[in-house]
Amino acid sequence: MTDDLHTRIRAAIDADAAVGLLQRAIRTPSVTGTEAAFGALVADELRRQGCEGVTVEDCLPGRPVVWGVRKGKGAGPRLMVLGHLDTVHVRGWEEHWAGDVREDPFSAAIVDGEVWGRGSGDLKAGICTGLSALATLDRAGCALDGDIVFVFIADEESGEPGTGVSAGIKAVVPKIQRGEIPNADFAIYVEPTRLAVFPAQIGFFIAEIAVTGRSAYFGMPEQGVDALKAGHAILSALWRHSADLEGRGEHELVGRGFLLVTGIEAGGYIAVPERCSLSLIRKLRPGEDLGRARDELEAVIRGAVTDPEVTVEIAFPAGRDHAVGGMPFETDPTAAPVALLQESVRAAMPDRGAIEGAPFWSEGSFTANQLGIPTVYCAPGDISNCHTFQERVPVAGYLAGVEAFALFMARYCGTAR
């Protein structure tokens, strides 16, 4: 059953305008490092929708953060809608779809009721959902009591040289702490969730392990120090450590902690291998301490090497909101705003709105942990097809997201009419 507010909102959705905005967003490439044009598009849309203080400011040369505030009429709660401007690369896309209408990764082609293209799900559908929801409220004549703060940032994605260190959100957080950007009572980071509500996320770190021994001709192996043999001992210790981590308990939403060895390289030409390198990623549950997890890993690695002539170096190349990685976070899944968002999603699309955990890391930990804002992920799109040649968003799910966000904004921030 729909109430009067919901009926007005549903009737006010302009599907053509909402889908057109998403297509324009996809058609404005913003692979990590080249976010400026899309940032300008978003800023123009914020201004067009009456947001105040719209600002475009580089966090790195040519790489913007964008923010603006839609002021409410009263003293209702303040909502923050945030997400990243950048997408992953498109290498191989054209070859994969050669001769198909989807050949251009930025065409925003609609095929079988779905909008295709790089960034469609991750996460331009989420950004456009928030913007289209605000436009829907205006058409419905809903004047909000509380403010809505929009924050969109560069440099969330990784994979391009010299990028992917969360430069955008790291520039924004101090501005919120100083009051240059208003703080909020609740935040939705618009990562794709299939319109489920994710109040918890994993933490992670990546480790690169370099093992060095001494090369020697195969006929005189006693003159060498075998780095590959030491690497084997480290591998065995890592797998035992992962099994131990899995046995330490399970988080209700994100499961168990573990580590995954993702690569190994070693060898010598008819010689004792002088070097061996290993790569791994460690998953953390909410509540685990990243620094303690790093120290534990280092002890496991060094404890596995018994030959004093073997040297081991360990690097952590993916620092985000921690020096060695990204922090987990958790928002109370029973909190009133979380329940209200669930209800709003279900009102628009009855089979969505479930509480789930994020099987990925994104920047909600900055707002949750550093700013103390209860934060969730929620948006149309499916993370399982993002970063692939199959990236797409169902039009029906996207429009349901617009309806759900508009309804949540009105109910959460309050509406005078």
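## Helix α8 and its buried side

In this predicted model, the buried residues of helix α8 are L290, G291, A293, L297, I301 and A304. Around the helix axis they cover an arc of only 160 degrees, which places them on the same side of α8. The face turned away from that buried side carries the exposed residues R292, A299 and G303.

Helix α8 runs over residues 290-304 and has 15 residues. From its first C-alpha to its last it reaches 21 Å, close to the 21 Å expected at 1.5 Å a residue. Its buried residues pack against several strands, namely β9 (203-212), β12 (258-266), β13 (275-284), β14 (311-315) and β15 (325-326), and also against helix α7 (227-246).

## The nonpolar cores

In soluble globular proteins, nonpolar side chains tend to be buried together. The largest nonpolar core of this model has 97 residues. The residues with the most contacts inside this core are L79, M80, I127, F150, V151, I188 and Y398. Helix α11 (residues 395-413) contributes the largest share of the core, 14 residues. A second, separate core has 28 residues, including A230, I301, V305 and V312. I301 is also one of the buried residues of α8.

Which residues does Y398 touch, not counting residues up to four places away in sequence? They are A18, V19, L22, A125, C128, T129, S132, P380 and V393. Among these, A18, V19 and L22 are buried residues of helix α2.

## Helix α2 and Q23

Helix α2 (residues 15-26) has 12 residues, which should span 16 Å at 1.5 Å a residue. The C-alpha atoms at its ends are 17 Å apart, which agrees with that expectation. In α2, the buried residues are A18, V19, L21, L22, Q23, A25 and I26. They pack against α3 (36-48), β4 (110-111), β5 (114-116), α5 (120-139) and α11.

Q23 lies in helix α2. Is Q23 buried or exposed? Its relative accessible area is 15%, and because buried means under 20%, Q23 counts as buried. Leaving out residues up to four places away in sequence, Q23 touches A108, I110 and V115.

A108, one of the residues touched by Q23, has phi near 60 degrees, a positive value in a residue other than glycine. A108 is found in the loop between α4 (93-96) and β4. At 0% relative accessibility, A108 counts as buried.

I270 likewise has a positive phi, of about 50 degrees, although it is not a glycine. I270 is placed in the loop between β12 and β13. With a relative accessible area of 45%, I270 is partly exposed. A further feature of the backbone is the peptide bond from D122 to L123, which is cis, with omega near -10 degrees. L123 is found in helix α5.

## Aromatic rings and charges over them

A pair of aromatic rings is described by the distance of the centres and the angle of the planes. A search of the whole structure finds 13 aromatic pairs. The rings of F150 and F152 have their centres 6.2 Å apart and their planes at 35 degrees, so this pair is tilted. Both F150 and F152 are buried. Elsewhere, one aromatic cluster is formed by Y189, F198, F329, F360 and Y377.

Charged side chains also lie over rings. R102 lies over the face of W116, at 4.5 Å from the ring centre. The charged end of K124 sits over the ring of F38, 4.3 Å from its centre.

## The surroundings of A154

A154 lies in the loop between β6 (148-153) and α6 (167-178). With a relative accessible area of 0%, A154 is buried. Which residues is A154 in contact with, leaving aside its neighbours within four places in sequence? The contacts are E35, C59, R63, P64, V65, L85, D86 and G168.

A154 can also be compared with T28 in sequence and in space. The two are 126 residues apart in sequence, and their C-alpha atoms are 14 Å apart.

Technical notes:
Residues numbered from 1 in each chain as written. Predicted model: local features only at pLDDT ≥ 70, side-chain atom pairs only at ≥ 80, totals over all residues. Heavy atoms only, no water. Core = buried A, V, L, I, M, F, W, Y, C linked by side-chain atoms within 4.5 Å. Buried < 20%, exposed > 50% of the residue type's maximum accessible area, 1.4 Å probe, protein only. Helix = DSSP H or I, 4+ residues; strand = E, 2+ residues; numbered from the N terminus. Contact = heavy atoms within 4.5 Å. Phe/Tyr/Trp six-rings, centres within 6.5 Å; stacked < 30°, edge-to-face > 60°. Lys NZ or Arg CZ within 6 Å of the ring centre and 35° of its normal. Expected span 1.5 Å × (residues − 1). Arc of directions from axis to C-beta.
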